[in-house]
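Please read it alongside the sequence and the model.

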Amino acid sequence: MKTGSRDAELEQILDGIGPRLRRLRRERGLTLEALAATTGISVSTLSRVESGKRNPTLDLLIPLARAHHVALDQLVAAPASGDPRVHLRPLRKERGSVLVPLTQYPGRVQVFKQVLAPRRPELVTHEGYEWLYVLAGRLRLILGAQDFTLRPGEVAEFDTTEPHWFGPADTSAVEILHLFGPRGDQAVVRAGPSTTDPAPPTVPDPPSTTP
């Protein structure tokens, strides 16, 4: 009995994927030919999947999720109807920190809400560009030889190929919005230096493009 119930549930899920894919494609104003060019999946295969004549596999769903800018689980299961809320899934990290992904599709910029617990500074470097906005608490940002303290409402943005670290400025947790994307052209920090540390060199703003 249980096996039959699971089979019926699976069949219902599979039956819903095709119409969902067709709706997403039409909402984006794409033809089957345009989607085929983007995903590398043939027009005939796309048509059969959308019409329910072919069961979708991961090999098909992953490029389709990327093309439609949605998470894979949004193709497999329909969102709760009548509920406009975004159901976030916090991820608990080491030492009491919490990470909440706010973007649910693969894209150029990833957005997170983070609660960072106190931890020891360890500078790192990697490809990319980061933007930090303090929601609550005080954030310490070490960027190369510079040391900054940001308070609620203050923002920092920088090229992550510069050695950096950020975390609570004291023994309390700090809550931030964290955007991570492709490498920027220049490291820019818009924040005042810590009042307890020597004043670091000023990082200039980019030149104005206003005539």
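Aspartate 170, with a relative accessibility of 33%, counts as partly exposed, a class lying between buried (under 20% relative accessible area) and exposed (over 50%), as computed with a 1.4 Å probe on protein chains only. The model is a predicted one, in which local features need pLDDT of at least 70 and side-chain atom pairs count only at pLDDT 80 or more, whereas totals for chains, interfaces and linings use all residues. Residues are numbered from 1 along each chain as its sequence is written, and side-chain values use heavy atoms, with hydrogens and water left out.

The structure holds six salt bridges, each being a side-chain nitrogen of Lys or Arg within 4 Å of a carboxyl oxygen of Asp or Glu. In one of them arginine 138 pairs with aspartate 170, the closest N and O atoms being 3.4 Å apart. Arginine 138 sits in the loop between strand 4 (129–136) and strand 5 (139–143), and aspartate 170 in the loop between strand 8 and strand 9, 32 residues apart; strands here are DSSP runs (E, at least two residues) and helices are DSSP runs (H or I, at least four), both numbered from the N terminus.

Arginine 25 and glutamate 50 form another salt bridge, with 2.8 Å between the closest N and O atoms. Because arginine 25 belongs to helix 1 (residues 2–27) and glutamate 50 to helix 3 (residues 43–51), the pair ties together parts that are 25 residues apart in sequence. Arginine 25 is buried at 9% relative accessible area, and glutamate 50 is likewise buried at 5%.

## Strand pairing

Strand 1 (residues 91–92) and strand 2 (residues 98–101) run antiparallel and are joined by two bridges, strands being paired if DSSP finds at least two bridges between them. Strand 2 is also joined to strand 3 (residues 110–116), again antiparallel, by four bridges. Valine 98 takes part in both pairings, as the bridge partner of arginine 92 and opposite valine 115 in strand 3.

## Threonine 160

Threonine 160 lies in the loop between strand 7 (155–159) and strand 8 (164–168) and is buried, with a relative accessible area of 0%. Its side chain makes polar contacts (N or O atoms within 3.5 Å, one able to donate a hydrogen and the other to accept it; residues adjacent in sequence count only if both atoms are side-chain atoms) with the backbone oxygen of histidine 126 at 2.7 Å and with that of glycine 128 at 2.8 Å.
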